[in-house]
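Q: Could we go through the pockets of this protein together, slowly?
A: Gladly; here it is.

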Amino acid sequence: MKKRKVIIDCDPGIDDSLAIMLALRSPELEVMGITIVCGNSPVEMGFENAKKVLWQMGRLDVPVYIGADRPVKREYVNALDTHGADGLGESFLPQVPGYRQTVSAVEFLACTLKREKVSVIALGPMTNLAELIQKDKEAFLQIDELISMGGSYKSHGNCSPVAEYNYWCDPDAAALVYETMYAGGKHIHMVGLDVTREIVLTPTILEYICRLDEEMGAFIQKITKFYFDFHWNWEHIIGCVINDPLAVAYFLDRNICEGFDAFVQVETQGISIGQTVVDAMNFYRRKANARVLTKTDAKSFFVLFLSRILGIEAEKLDLLEDIV
Ligand code: BDR
Ligand code: CA
């Protein structure tokens, strides 16, 4: 099988970690590297967390590159209230000693994209990508496919009534990425809250994971306990919304989400800062720069997610039928 090459740009982050795990266990993908941006956690913490996940997966061979430590223009606001003091659900897993790359995330992105056909799955604020545009727009426009977890179309926001965290954290970066995609005649795949809110890891699904694989279950339990509490306190949900793995799942299987093409802009000012303004009615008569995803099939997602991270054939996950 010819593998698709991807770079995962992320801010781990609990759900980023689950997304990395899914990507690493998917034989269709070759993860060329992980680039870290400040978002959920400050960039150094995100770097340490990525190594912890790679260690857990036995994949310390995957290089991790440190990227932007603050948004393009605005002050940085982390999401440690959501992801815990260590950015990994207060699991306080031991640090993984190891290398530090000599090149930055942006240098790695620029030189890899110019050399080969690579897609980018962006799971955090898009500051690294904005810096790439500023440094080497040609390399940015060579991204094969760009999938971004971020924004929302009709769903309410998670940072303000209208804004999702990744775009709210660095709205200028997100706006520049969408503008550049438009100017370059390309599409970004917007995996926003409309679809990710459907992906709830419930206590029952987690228990099922533990029954099938004690070690993997214990790891996921450790990193999601804090996230469960957060969701109960803030959203009155039993379980937790795992946004980022859906972006990876959609990259693997386009049938997991449905949507439509539209021209999208990101607001950078005022009370709606970070909002994705989706021109679904084509008021502006502009060509689409995004595929906006609006529907997903949570069951198909969990079949893919569990079968990959547990290494079990999809047909054997019969119980999922009743618990998702
Ligand atoms: C996004 O923000 C972060 O909390 C998650 O990792 C996800 O990427 C959801 O708004
Ligand atoms: Ca993230």
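This is a predicted model: local features need pLDDT of at least 70, side-chain atom pairs count only at pLDDT 80 or more; totals for chains, interfaces and linings use all residues.

**Pockets and their linings**

Q: Which residues lie nearest the centre of the largest pocket?
A: Thr 82, Asn 158, Cys 159, Tyr 165 and Phe 230 lie nearest its centre, among the 27 residues that line the largest pocket. A pocket here is an open set of points on a 1 Å grid over the protein atoms alone, where a 1.4 Å probe fits, with protein on both sides within 12 Å along at least five of seven lines, and lining residues have an atom within 4 Å of a point.

Q: Which elements give two or more residues to that lining?
A: Helix H3 (80-83), helix H6 (165-169) and helix H10 (214-235) do, and H10 gives the largest share, five residues; helices are DSSP runs (H or I, at least four residues), numbered from the N terminus.

Q: OK, what volume does the second largest pocket have?
A: The second largest pocket has about 200 Å³, whereas about 500 Å³ lies in the largest pocket; a volume is the space filled by probe spheres set on the points, which are joined across faces, edges and corners.

Q: And which residues line the second largest pocket?
A: Among them are Lys 52, Trp 55, Leu 93, Pro 94 and Phe 219, and H10 supplies the largest share of this lining, four residues.

Key
Residues are numbered from 1 along each chain as its sequence is written. Chains are lettered from A and ligands numbered from 1 in the order in which they are written. Side-chain values use heavy atoms; hydrogens and water are left out.
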